[in-house]
Amino acid sequence: MIISQIVAVSLNDVIGKDNGLPWHMPTDMAYFKNKTWGHHIVTGRRNYEAEGKALQGRVNIVLTQNPEYQIDDGIVVHQMDEAIEIAHKAGEDELFIVGGAEIYKLAMPKTDRIYLTRIFANMVGDTYYPELDMNTWKQVSIDNRKADEKNPYDYDFIVYERQQINYNLHQHTSFSDGKETPQKFIEQAIELGFSHIGFSEHSPLPFSNPFSLKEEKVDDYIETIEQLKEKYAGQIEIFRSLEMDYIPGVSEDFDYWRERCKVDYLIGSVHLVKPDGTDELWFTDGPDYKIYDEGLQKFFGGDIRKAVKAFYHQSNQMIESQDFEIVGHIDKIKMHNRGRFFSEDEKWYRILVEETLELVRNKNLIIEVNTRGMYKKTSDSLFPDNQTLKRVKELKIPVIINSDAHHPDEINSYIDYAKDRLLEMGFKEVMILNNQAWETKALA
Ligand SMILES: NC(=O)c1ccc[n+]([C@@H]2O[C@H](COP(=O)([O-])OP(=O)(O)OC[C@H]3O[C@@H](n4cnc5c(N)ncnc54)[C@H](OP(=O)(O)O)[C@@H]3O)[C@@H](O)[C@H]2O)c1
């Protein structure tokens with residue numbers, strides 16, 4: 001179910017006067033009736049009384065703080081959530097908030113869409129529509145109408161929708177282990193209305209493997225993305241990046257690839273843990289949990305604490321020694337655990353996470369909220385998990401939501417889910433790279 005507001009507003013944001021409308025615009029009234037007919041509507045007690053009765057053909061839900069308040073042509077509730085619950089349980093697909101000002105304001109954080117009729121007149125009134133934050137709302141349609149013998153003012157029927165997260169800076173194409181060309185990803189991103197897309201192939205590694213960008217493909221990668229930047233200029237902002245695989249003593253310095261690949265930013269990640277005293281690597285992130293389990297036995301004698309500690313120790317080394325912007329899926333080590341070897345609540349685990357977060361904060365890095373585990377069903381929570389995200393918020397570490405897509409269909413997978421979790425936790429903004437500068441973008 002989506003929640004919509006429907007409102008008529010003068011140029012100076014007036015919506016009411018003396019508990020009534022300050023204009024008579026029959027076409028707008030017909031528009032209102034047409035949009036809301038058959039739906040549940042939520043009205044404030046004053047607006048309900050201004051009408052004098054329930055609006056027919058709709059389920060009227062009246063909000064009041066008065067516990068004694070009763071009506072016989074609608075439902076009385078005392079909280080907005082109660083109204084939403086009633087509509088939801090009734091199978092409503094679009095719940096309409098029909099005012100007045102107090103109710104619009106109250107419902108704003110939960111509103112997905114606004115049907116706003118802009119009336120081209122400055123009105124004297126006593127009730128105003130709340131100011132809309134245009135970082136949050138995107139105009140999706142507008143229908144200009146002229147005054148006529150029945151409607152005394154020009155007016156626009158405008159529809160706004162809440163801006164979703166419309167960018168993704170973590171993508172793998174067929175240049176590394178993704179499934180499609182960058183062009184296909186861009187076409188899909190444009191189709192989705194994305195404003196920015198970043199390609200972040202797995203950085204080349206000095207040994208044969210099936211997932212990273214090959215050294216001999218680097219120039220092709222640089223050129224392909226450059227051409228696409230030019231081709232789609234003005235339509236979508238495209239970035240070239242790498243997801244750097246940090247393996248101490250094995251992977252190249254991040255600065256080398258920053259320079260060589262002329263990237264816009266770097267994501268630093270640990271997928272392969274190098275246990276002390278061996279040149280072999282523990283692949284913690286593969287598609288098969290058995291490889292994880294075997295490595296745990298082989299390198300750490302089954303001691304999960306030692307193994308997890310090695311992962312975070314390597315992450316810490318990366319943070320301290322390398323220059324990059326985003327920490328990729330910071331707790332990827334939990335992926336094949338799934339409660340089998342340890343609980344993320346355990347104190348020793350929280351201490352390890354805490355140490356890493358402190359380093360991230362001191363280095364002013366951005367933490368990626370990565371949705372891949374959710375849509376691939378390989379993790380029960382986002383990377384990072386809720387507890388870690390709460391600490392990220394307390395430590396005021398900036399975050400970015402990415403889906404780590406390996407196919408164009410995954411570009412926006414679970415992005416809204418991540419956004420909702422962040423909002424629930426009180427995050428107010430996420431980071432975005434815009435014209436080569438990192439900016440915050442309001443989360444709503
Ligand atoms: N231009 C438009 O499209 C449009 C649309 C609708 C209305 N309007 C105009 O808006 C004006 C009315 O707006 P308004 O802001 O004065 O009043 P309102 O929003 O219609 O109603 C306010 C009432 O809602 C109840 N309420 C508010 N917050 C609540 C909460 N958190 N929990 C439970 N109940 C709560 C209270 O009722 P109790 O006092 O009973 O507790 C409060 O007095 C009128 O002039 C009307 O014509 C214009």
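These legends describe close-up views of one predicted model. Residues are numbered from 1 along each chain as its sequence is written. In this predicted model, local features need pLDDT of at least 70, side-chain atom pairs count only at pLDDT 80 or more, and totals for chains, interfaces and linings use all residues.

View 1. Seven strands form an open sheet in the order 11-12-13-14-17-18-19, with parallel pairing. Strand 11 (167-168) and strand 19 each have a single partner strand, so one side of each is left without a neighbour in the sheet. Strands are DSSP E runs of at least two residues, and helices are H or I runs of at least four, numbered from the N terminus. Two strands pair if DSSP finds at least two bridges between them. Strand 12 (residues 196-202) and strand 13 (residues 237-245) run parallel, joined by seven bridges. His 196 has Glu 237 of strand 13 as its bridge partner.

**View 2. Strand 19 beside strand 18.** Strand 18 (residues 366-370) pairs with strand 19 in the parallel sense, over four bridges. Val 369 has Ile 401 of strand 19 as its bridge partner. From strand 19 (residues 399-402), Val 399 and Ile 401 point one way, Ile 400 and Asn 402 the other way. All are buried (20 or more other C-beta atoms within 10 Å of a residue's own, with C-beta atoms placed from the backbone; 12 or fewer is exposed, in between partly exposed).

**View 3. The buried side of helix 12.** Thr 388, Leu 389 and Val 392 are buried in helix 12 (residues 386-394). They lie on the same side of helix 12, because they cover an arc of only 100 degrees around the axis. The arc is that of the directions from the helix axis to the C-beta atoms. The buried residues pack against helix 10 (347-362), strand 18 and strand 19. Contact takes C-beta atoms, placed from the backbone, within 7 Å. Lys 396 follows helix 12, and its phi is positive, near 60 degrees.

**View 4. The largest nonpolar core.** This core has 67 residues; Met 244, Leu 266, Phe 311, Val 399 and Ile 400 touch the most other members. A nonpolar core is a set of buried Ala, Val, Leu, Ile, Met, Phe, Trp, Tyr and Cys residues joined through C-beta atoms within 7 Å. Helix 9 (residues 304-321) gives the most to this core, with seven residues.

**View 5. The shell around the ligand.** Of the 27 residues around the ligand, Gly 16, Gly 44, Asn 47, Gly 99 and Gly 100 come nearest. Near takes a C-beta atom, placed from the backbone, within 6 Å.

Key: Two residues are in contact if their C-beta atoms, placed from the backbone, lie within 7 Å.
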